[in-house]
Amino acid sequence: MNIVVIFVTKVEFCSLCRYADEIEKVVVDSSFKLCKSGNKITAYSSTIDAQEIKATLKLAGVPASEYKISMDYIRKWGMM
Amino acid sequence: MDSLDIKWYQKEDSWAILIGLGTIFLFSICYVLGIGDLYNTVVVKFASWTGGDIASAFYGKSATISHIVALYLFFAVLFTIAGHFFRFKAGSFLAGFSFIYALSLGVNVLAANKLMKDMQFEAVFIALLLGLLIGNTKVLPQWLHSALRTEFYVKTGVVFMGATLPLTLILSAGPVAIAQATIVAVTTFFTIYFAATKLFHLDPRFGATLGAGGSICGVSASIAIGSSCRAKQEHVSVAITLVILWAVIMIFALPLAARVLEMTPGTAGAWIGTSEFADAAGFAAVSGIGSEAAIQAFTLMKVIGRDIFVGIWAFVAAVLSVTIWDKASLKESEKVSVGEIWHRFPKFVIGFALASAIVSSVIVMLQAQGLEAAYSKEVIGSIKNLRGWAFTWTFLSIGMTTRFKELSAVGWKPLAAFTVGVIVNVPLGYLLSNVIFADFWNAL
């Protein structure tokens, strides 16, 4: 199958939340790149999709209420 | 890692709005100041010609070398500035755009031929066929790829389109367009979704992404809904592939069917707006009808009736994703922000509405001096001409980026599920456009 889209997965969490260290460890181990702004931490990846990182966070014992995951697909080229 | 977080000024929608509204504003100012010659220099229109007398295409006052160069410079400068923010290499983009512009000149000269006009073979059809021929027989150089910006060109064209539609028409036609679009979109979405999940046992996220592509607004909807429900990368790719395949078929099939069924321009435009899958493909199809009323009906149906609701569909898909589909596998759900609706909203539609509002306001102001007819002829006529060029570049780009070889191997199950949706969508769109709401669309 010819893949015609790329994606960016974003995990947002608060550095003060109870599971912040666990979340940070999971996303860094999954090669996410971190961007910190005040108490807000955003982790980005264009290789791990939202379902994969969510499953990994669950395995690490992090409840879904502790973070927010979003995903954006982008056209690889300028098709209609 | 900020590079992965796309800012507003790096988005095609933002630049389509800026270029579209900026141009309308500039032309209007020039008109008010009495320097209409300034904007007339970027209007290129070839004269009708017959037989082999191609030189007569350049006899018109809007087909001189200075007009051709001025139009090129106008868009080359604006698009290159925009391209800088999209992170294109300026040199590559400029080289690619120059090539596309040269092709578009050839296309429009050919479309000005009397025989082509008699056959209603519009510039956009020629552009599409030429693009398909080039894209499917030649390996395109890398420098050309950055200029094949189908979405960017069509969004700019849609903002120009807003200037040609009175705000009163948008407001009066909006509810009918929304009602018709909602009936078709909901029916088609659930047909494809249930065919995909119940008949062919595909993943629900995949079903939703396919359903969105076939019912809301094609590739953009597949991307928005695929993103919001977190479908897999290969599923989004399959949905897009199917949308493109069916959209290209419909570009030729719908106008032909409308002619065979002897539909009026208004109903044909509404039908194409209801049943074509992608904006760009729809504009190509409706151009084949050869009527401004058909283009207006199509635009109201597609942009007002369908496109503006993509955000709401994305929100619903996101809610379903985290509350039902995820919960089945992960036993817990996250919160979904209502901000999802705005995040997925196609912002260029705002440019379309603003363009209509600006032009309608100027016309109202000029009515006191009795200048509204002249403004419509001069300024709106010029904007229509630029819209035509933007759509020609759109269809050249569609053609060159639709490589049939690469669109193969999607699997029979998603193809079958999508096709079931097409079988429902097309007759339903015809029934609503040509029977139930026929009086309304005929009155446009």
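Is the crossing of helix 1 of chain B and helix 8 of chain B left-handed or right-handed? It's right-handed, meaning the near helix is turned clockwise from the far one by less than a right angle.

Before going on: this is a predicted model, where local features need pLDDT of at least 70, side-chain atom pairs count only at pLDDT 80 or more, and totals for chains, interfaces and linings use all residues. Residues are numbered from 1 along each chain, chains are lettered from A, and side-chain values use heavy atoms, without hydrogens or water.

Stay with that pair and select residues 12-32 of chain B, which form helix 1. Helix 1 packs against helix 8 of chain B at an angle of about 40°, their axes 8 Å apart.

Next, colour by chain and look where chain B meets chain A. Chain B brings 47 residues to the contact and chain A brings 33. Together they bury about 3500 Å², 60% of it on carbon and sulfur atoms; that is accessible area (1.4 Å probe) lost on being put together, summed over both.

Now zoom in on A:Asp72 and B:Arg344, whose side chains form a salt bridge at 2.5 Å, N to O. The rule (a Lys or Arg side-chain nitrogen within 4 Å of an Asp or Glu carboxyl oxygen) finds 2 of these across the interface.

Last stop: helix 11 of chain B, residues 233-260. Helix 11 gives the largest share of chain B's side touching chain A, 10 residues.

Key: Contact = heavy atoms within 4.5 Å. Buried area = accessible area lost by both parts, 1.4 Å probe. Helix = DSSP H or I, 4+ residues; strand = E, 2+ residues; numbered from the N terminus. Axes fitted to C-alpha atoms, helices over the stretch in contact; angles between N-to-C directions.
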